[in-house]
Amino acid sequence: MNLQTKASFKKELLAFFRTKAFIIILLVFIGFSIFDPLLIRGLGLLMDAMSETYDEMGMDVSQISEMMGSAASMGVQQFLGDIMGIGLIVGLLLMNRFAGGEQKKRSIIIPRSSGLGNFSYITPKFFIYPLAVLILMVIATLSASVVSALAFAVNDLVIFNVVIAGLLMGVNFMMYVCFHLALGTAMGKPGLSAAICIGASMIVPLIFSILSTGIENEMLAYNPFSLGAMSLVAIYEPAPLTETIITVAMTLGIMVIVYLLALFAQNAKKIDNSGNEILI
Amino acid sequence: MLRIKGLRKSYKRFSVLKGLDMNLEKGDVYGFLGPNGCGKTTTMNIICNIITKDGGEVNFDGKKIKIGYLPESPALYGYMNGYEYLDFIGACCEYRGDIKARTAEVLEITGMTEGAKRLIKGYSRGMNQRVGIAAALYGEPDLIILDEPTSALDPEGRAEVMEIIRKLAAGGSTIVLCTHILSDVERVANKVGIIRNGVMAVEGDIWDVKSKFDKGNVINIKLREYTPQAITAICSADLVERSNANSVDGITLFAKDGVSEKEFYNKVIMNLAENNILPEGLEFRRLSLEQIYIGVTNGSLSLN
């Protein structure tokens, strides 16, 4: 690895840790991992406490309260569901600084005019931030499982399933982070890039889900946008290993393509004004 | 070193550069002047390959040269301290020598050896500017471009930055100084270019430019006491076309057309000596750079 790339890795690590992006993402993830299981458990207990009142009103809520209050897997699933929605939005917005924020604030001008190359600029971003999100997601999922195991009456969690669920959700996040980094650095508009990625995270899985209904299509089944849903199910029973591996491999493949596109976009933007032009 | 011919650039429908020419030699300290929004920063950004040009030629005499660029209001990485930032810039430059030593050196040049230990987000504007200059100098560039290096600085900050630029100029660096602070240019530059309406209205050695706009020789004399005899004696000297005299501005003598500077000066001095008049002050009155700049940019002055 050349000096420029090494220095760029160091720069991104300093940016991640010193700008408190790391701490905020960690707090958000850990916050959800603690809050969500306790919320579900609390709601279940509340419904139990009020079951007599509901009976008098002629409503049978015993099944609902049973679902909410019974097993630890519910707590982890609630966490994964929330992190897939709100957590992704928060995570992508916190990444704005790294996904085109330098172009927007013009802090990239001096390094670029000093000679910072496209490879050295882009590559560390595509290593550090997706990897950080993956690691934090696994940690947060394990945290949710610990909280759920303590809070719920029945601990039906299998540690292997928890880790798989965390990894799948982490890879899902990695993909969106890569999209955000690529779009943001290409456009120099991190806010717009985040909005597009957040929109895509809501719409695209839905489209795939609709398309795959009732259709035997392996490509649709293994689509990377199903990772979130796979993660939610994995708490109870992970998908078959082949399916999991193929889906993750396709997702990683898409991330590599997105990285190469990001590099291509930077190369396409390269300017050399000193070529002589014949004046008419 | 740098030849620009017919440079053109537009932003949507607004044409900023309409055929700018510019010439810079090695060792020049070039004051690039113009009002706000005239295209100075656009020109510098084109030279540094930050934005594309629409037309024209930017030529470095066929050589590949290193440029050190200080943009206007440089944005640095606030989460780093000065040392870390410059070490990073050193890596970007692919500096072949000892990066740590070079970082210490450029910080020494810019007077930021102690200040650079703090995180950049806590810097004043002057400190920011100095680290920016250090970054521009880092790779030992052939050409240093400083875009508004003293804007938004307090007088102390300006003086510090100008002192750095003066030392660089004295050391033989080739510098383009984009500014609208004329006193800064007069202090350090040997060459000046004034942009107006997207083209270079005036360019050349500062003294040449001043003398081109001067309408003949003018000498101003200050006396301790303005007696009628003294005023008459001074104003009736040979080669004097006309004169003004008052106790505030002194006595201003306008030479006849065609009289050289040296001839006029000698005549005035001889006249003072013959009449036994000892002046308090005597100087050639020239149009200041500020007067030339204002005249050129508002169209009241031209070389045609």
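**Figure 1. A closer look at Ile145(B).** Let us stay with one of the residues just named. Which residues does Ile145(B) touch, once those up to four places away in sequence are set aside? The partners are Met44(B), Ile47(B), Cys48(B), Ile67(B), Tyr69(B), Leu70(B) and Val176(B).

**Figure 2. An open, antiparallel sheet in chain B.** Four strands line up here in the order β11-β12-β10-β13, and their pairing is antiparallel. The edge positions go to β11 (240-246) and β13 (281-284) of chain B; each has a single partner strand, so one side of each is left without a neighbour in the sheet. From one strand to the next, the twist averages 15°.

**Figure 3. Strand pairs within the sheet.** Zooming in, we can follow β12(B) to two of its partners. With β11(B), the strand β12(B) runs antiparallel and is joined by six bridges; Asn244(B) stands opposite Thr252(B) of β12(B) in this view. How many residues lie between β11(B) and β12(B) in their hairpin? There are three residues between these two strands.

Four bridges, again in the antiparallel sense, pair β12 (residues 250-255) of chain B with β10 (residues 218-222) of chain B.

**Figure 4. Where chain A meets chain B.** The contact draws 25 residues from chain A and 35 residues from chain B. On the side of chain A that touches chain B, α1 (3-18) and α7 (109-114) each supply at least two residues. Helix α1(A) makes the largest contribution to that side, with seven residues. By type, the chain A side divides into 10 nonpolar, nine polar and six charged residues.

**Figure 5. Confidence along chain A.** Chain A has a mean pLDDT of 86, with 88% of its residues at 70 or more. Which stretch calls for care, with pLDDT below 50? In chain A this is residues 276-280, a stretch that has eight contacts in the model beyond near neighbours in sequence. Where pLDDT is low, predicted coordinates should not be read in detail.

Terms used:
Residues are numbered from 1 along each chain as its sequence is written. Chains are lettered from A and ligands numbered from 1 in the order in which they are written. This is a predicted model: local features need pLDDT of at least 70, side-chain atom pairs count only at pLDDT 80 or more; totals for chains, interfaces and linings use all residues. Two strands pair if DSSP finds at least two bridges between them. Axes are lines fitted to C-alpha atoms, for helices over the stretch in contact, and angles run from 0 to 180 degrees between N-to-C directions. pLDDT is the predictor's confidence in each residue, from 0 to 100. Two residues are in contact if their C-beta atoms, placed from the backbone, lie within 7 Å. Ala, Val, Leu, Ile, Met, Phe, Trp, Tyr, Cys and Pro count as nonpolar, Asp, Glu, Lys and Arg as charged, and the others, Gly among them, as polar.
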